[in-house]
Amino acid sequence: MNADYTPAQWPTGFVRDMLGRVVASFTARGDAPAMRLHTTDTEISYDIGTARPAPIIRGPQTSLLAWLMGRAQGTDLVVNGASELPTPPFLY
């Protein structure tokens, strides 16, 4: 898996589609923390969970997807409404 292919190289269409799928997967689960995601490069927002207030996490869609999938630490994401990024559950 270490083929030097990073999330920054993921195609835009893949990122857009996969981010929607990952959000839907987490929303359907009971163990995902509530959060609001705002993509800074496409201005699309996603909600995971219904608990409010939920932290708002902002960043490029590729960075959000990589973080949710456990492929990045989320160091380039900005969180409001919490002292740190929530910990997403293991995806699969």
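**View 1. The largest nonpolar core and the residues at its centre of contacts.** Of the 21 residues in this core, L37, I57, W67 and L68 touch the most other members. Such a core is a set of buried Ala, Val, Leu, Ile, Met, Phe, Trp, Tyr and Cys residues joined through side-chain atoms within 4.5 Å, where buried means under 20% relative accessible area and exposed over 50%, with a 1.4 Å probe and protein chains only. Two or more residues come from each of helix 1 (12-27), strand 1, strand 2 and helix 2 (61-68), and helix 1 gives the most, six. Helices (H or I, at least four residues) and strands (E, at least two) are DSSP runs, numbered from the N terminus. This is a predicted model, in which local features need pLDDT of at least 70 and side-chain atom pairs pLDDT 80 or more, while totals for chains, interfaces and linings use all residues. Residues are numbered from 1 along each chain as its sequence is written, and side-chain values use heavy atoms, without hydrogens and water.

**View 2. T39 in strand 1****.** T39 counts as buried because its relative accessibility is 2%. Not counting residues up to four places away in sequence, T39 touches L19, I44, Y46, G59, Q61 and L64.

**View 3. Two backbone features in loops.** E43, between strand 1 (35-39) and strand 2, has a positive phi near 60 degrees. The R52 to P53 peptide bond is cis, and P53 sits between strand 2 (45-48) and strand 3 (56-59).

Notes
Contact means heavy atoms within 4.5 Å.
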